[in-house]
Amino acid sequence: MKKIQMVDLQSQYYKIKADVDNAMLNVLNSAAFINGPEVKSFQTELEQYLGVKHVIPCANGTDALQIALMALDLKEGDEVITADFTFAATVEVIQLLKLKSVLVDVDYDTFTMDTEKLKAAITAKTKAIIPVHLFGQCANMEEILKIAEENDLHVIEDNAQAIGADFTFANGTVKKSGTMGIIGTTSFFPSKNLGCYGDGGAIFTNDDELAHKIRGIVNHGMYERYYHDEIGVNSRLDSVQATVLRKKLPLLDHYNEARRKAADFYDEAFAGHQHILTPKRAAYSSHVFHQYTLRITNGKRNELQQFLAEKEVPAMIYYPVALRKQKAYYQESDPKDFVNTDKLLDQVISLPMHTELDEEQLKYITDAVLEFMNKQF
Ligand SMILES: *Cc1c(COP(=O)(O)O)cnc(C)c1O
């Protein structure tokens, strides 16, 4: 059996090696390393795939979030609501811009923002909401967009973990994750569902004016060469990464399907187990399984991780600490308001999830999990 890895980027690369190597060599020969035609082509192809008017590539997913917030002209002290249970980048950029992050609890079954808690957190100072499509499934955007409209708030979707997922609205309209809010952001970090071979990110919007503004911000606030109208940043996707992404974008749906198949195998193996809760698939969103995350309800999560490690099955705890309790983003809180997040911190364990898992490996992983979970303690 092939050694089991949390993410197997090497096997995925070998399957497209000739094509990717050739494309990368072409970029090297062209020497158009920055803002070359590959970046422009990738941008257009991603716009078409997502059905969004503007894609603005940038250097990484954290920059994408920061630039999105910069584009909205928020003022120091304005409040931005996001989830307490997510990767730190989301809250980091809010604080970096001297805005006030307001963290709210998540739903226990979907790991995404609890919309009742969101409503309760809105104040006169609230200006924006950043829902995170965590682990590959959209947050409840129908509800979030409604709340945002009622309260005149911007919605920025952190889509770093769910590119390719579809959201279905009650009226039957289907939209790609990241294209529903005023701005969407994503990351092309190698292990993401659409990953390049270094760092990369992008910002999406259907708003022409915002797109223009964002194109300036990513380029030193420059709209006309050497005239700087505002303080921007330097955040670019390079041509080598763009050419890799151009080769992988046509495979994204296939990659997401492979993840879904692995998830189906896991779901079936653990179905109905007394102490294992499998991830819920919401009716309104397809799931692209950036992570496959179980909840272990018998209090033995850490022991399970240890047991799996001994069997050479890697498993990770995403995430072990609530953002509101991190030194950098500490927020006074009443534990009653964060019941789900706090429960998840103790229960979650993510199993290997990538596009190259085969049945032998999946069987080995599920057997190992069940062997431990069926022990009498
Ligand atoms: C990966 C990730 C980011 C940051 O992306 P980088 O490209 O690593 O900067 C932001 N938000 C979430 C939810 C992520 O998973």
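The side chains of Lys146 and Glu143 meet in a salt bridge, with 4.0 Å from N to O. A salt bridge here is a side-chain nitrogen of Lys or Arg within 4 Å of a carboxyl oxygen of Asp or Glu. Before going on, keep in mind that this is a predicted model, where local features need pLDDT of at least 70 and side-chain atom pairs count only at pLDDT 80 or more, while totals for chains, interfaces and linings use all residues. Residues are numbered from 1 along each chain as its sequence is written, and side-chain values use heavy atoms, with hydrogens and water left out.

**Salt bridges**

Back to that pair. Lys146 and Glu143 are three residues apart in helix 6 (residues 141–151), so about one helical turn separates them. Helices (H or I, at least four residues) and strands (E, at least two) are DSSP runs, numbered from the N terminus. Lys146 counts as partly exposed, at 46% relative accessibility. On this scale buried means under 20% relative accessible area, exposed means over 50%, and partly exposed is in between (1.4 Å probe, protein chains only).

Glu116 is exposed, with a relative accessible area of 51%, and Lys119 is partly exposed at 38%. Glu116, Lys119, Glu143 and Lys146 are linked in a network of salt bridges.

Now for a pair from elsewhere in the chain: Arg324 and Asp342 also meet through their side chains in a salt bridge. This pair links distant parts of the chain, 18 residues apart, with Arg324 in the loop between helix 10 (301–310) and helix 11 (339–347) and Asp342 in helix 11. Arg324 is buried, with a relative accessible area of 1%.

| Salt bridge | N to O distance |
|---|---|
| Glu116 and Lys119 | 3.4 Å |
| Lys146 and Glu143 | 4.0 Å |
| Arg324 and Asp342 | 2.9 Å |

How many salt bridges does a search of the whole structure find? The count comes to 25.

**Around the ligand**

Which residues surround the ligand? They are Asn60, Gly61, Thr62, Thr86, Phe87, Ala89, Val132, Asp158, Ala160, Gln161, Ser187 and Lys192.

Gly61 uses a backbone N or O atom, which lies 2.8 Å from an oxygen atom of the ligand. Thr62 has a polar side-chain atom 2.5 Å from a ligand oxygen, and for Gln161 a polar side-chain atom lies 2.8 Å from a ligand oxygen. On its own the ligand has 380 Å² of accessible area, and the protein covers 91% of that. Accessible areas come from the Shrake-Rupley method with a 1.4 Å probe; for residues, only the protein chains shown count as cover.

**Helix 8 and what follows**

Is helix 8 (residues 239–248) mostly covered or mostly uncovered? It is mostly covered, with eight of its ten residues buried. Among the buried ones are Ser239, Val240 and Lys248. Their cover includes helix 1 (9–30), helix 2 (37–50) and helix 9 (252–270). At the start of helix 8, a side-chain oxygen of Asp238 reaches to within 2.9 Å of the backbone nitrogen of Val240.

Leu251 sits in the loop between helix 8 and helix 9. Leu251 is partly exposed, with a relative accessible area of 24%. The C-alpha atoms of Leu251 and Leu194 are separated by 9.0 Å, although the two are 57 residues apart along the chain.

**A sheet and a buried threonine**

Three strands form an open sheet in the order 12-13-14, with antiparallel pairing. Strand 12 (276–277) and strand 14 (348–351) stand at the edges with a single partner strand each, so one side of each has no neighbour in the sheet. Two strands pair if DSSP finds at least two bridges between them, and two bridges join strand 12 to strand 13 (residues 292–296). Leu277 has Arg295 of strand 13 as its bridge partner.

Finally, Thr366 lies in helix 12 (residues 359–373) and is buried, with a relative accessible area of 3%. A polar atom of the Thr366 side chain lies 3.1 Å from the backbone oxygen of Lys363. Leaving aside neighbours within four places in sequence, Thr366 is in contact (heavy atoms within 4.5 Å) with Phe265, Tyr266, Ala269 and Phe270.

Key:
A polar contact is a pair of N or O atoms within 3.5 Å; within protein, one must be able to donate a hydrogen and the other to accept it, and residues adjacent in sequence count only if both atoms are side-chain atoms. A residue is near a molecule or strand if one of its heavy atoms lies within 4 Å of it.
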